[in-house]
Amino acid sequence: MSSKGMILLGIMWILASPLWFWAENAALGIIWLCAGIIELIIALIRRNNNKKSR
């Protein structure tokens, strides 16, 4: 997956996590929020490494 796709996926997970809190499932909301943040970190690292190698 490209870094751009990973960034979009991470943002989607972060934006969707409040829906789980609203549905009274806080554990799943926290998991989605953490997964989105981790996904963004990985995508930004990969994007930075790709720019350095060019």
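Predicted model: local features only at pLDDT ≥ 70, side-chain atom pairs only at ≥ 80, totals over all residues.

Residues are numbered from 1 along each chain as its sequence is written, and side-chain values use heavy atoms, with hydrogens and water left out.

Two packed helices are described by the angle between their axes and the distance between the axes. Here helices are DSSP runs of H or I with at least four residues, numbered from the N terminus. Helix H1 covers residues 3-22, and helix H2 covers residues 26-53. The axes of H1 and H2 come within 8 Å and cross at roughly 165°. An axis is a line fitted to C-alpha atoms, for helices over the stretch in contact, and the angle runs from 0 to 180 degrees between N-to-C directions. H1 and H2 are therefore roughly antiparallel, a label used for angles over 145 degrees. The crossing of H1 and H2 is left-handed, that is, the near helix is turned anticlockwise from the far one by less than a right angle. The residues of the contact between H1 and H2 divide into 20 nonpolar, 5 polar and 3 charged. In this count Ala, Val, Leu, Ile, Met, Phe, Trp, Tyr, Cys and Pro are nonpolar, Asp, Glu, Lys and Arg are charged, and the others, Gly among them, are polar.

Ser17 lies in helix H1 and is buried, with a relative accessible area of 2%. Buried means under 20% relative accessible area, exposed means over 50%, and partly exposed lies in between, using a 1.4 Å probe and protein chains only. Not counting residues up to four places away in sequence, Ser17 touches Gly29, Trp32 and Leu33, where contact means heavy atoms within 4.5 Å. On helix H2 there is Gly36, which is buried at a relative accessible area of 0%. With neighbours within four places in sequence left aside, Gly36 is in contact with Gly10, Trp13 and Ile14.

Aromatic rings also take part. The structure holds 2 aromatic pairs, a pair being rings of Phe, Tyr or Trp (its six-membered ring) with centres within 6.5 Å. Trp13 and Trp32 form a tilted pair, 6.5 Å centre to centre with 55° between the planes. Planes under 30 degrees apart would count as stacked and over 60 as edge-to-face, with the rest tilted. This pair links distant parts of the chain, since Trp13 is in helix H1 and Trp32 in helix H2, 19 residues apart. Trp13 is partly exposed, with a relative accessible area of 27%, and Trp32 is partly exposed at 28%. Trp13, Trp20 and Trp32 form one aromatic cluster.

What is the accessibility of Met12? Met12, in helix H1, counts as exposed at 53% relative accessibility.

Glu24 is placed in the loop between H1 and H2. Glu24 has a positive phi of about 60° although it is not a glycine, and at 75% relative accessibility Glu24 counts as exposed. Ser2 lies in the segment before H1 and is partly exposed at 45% relative accessibility. Ser2 and Arg47 are 45 residues apart in sequence and 8.6 Å apart in space, C-alpha to C-alpha. From Ser2 to Gly36, 34 residues apart along the chain, the C-alpha separation is 16 Å. Ile41 lies in helix H2 and counts as partly exposed at 45% relative accessibility. The C-alpha atoms of Ile41 and Ala16, 25 residues apart along the chain, are separated by 18 Å.

Definitions and conventions: Helix = DSSP H or I, 4+ residues; strand = E, 2+ residues; numbered from the N terminus. Parallel < 35°, antiparallel > 145°, perpendicular 65-115°, else oblique.
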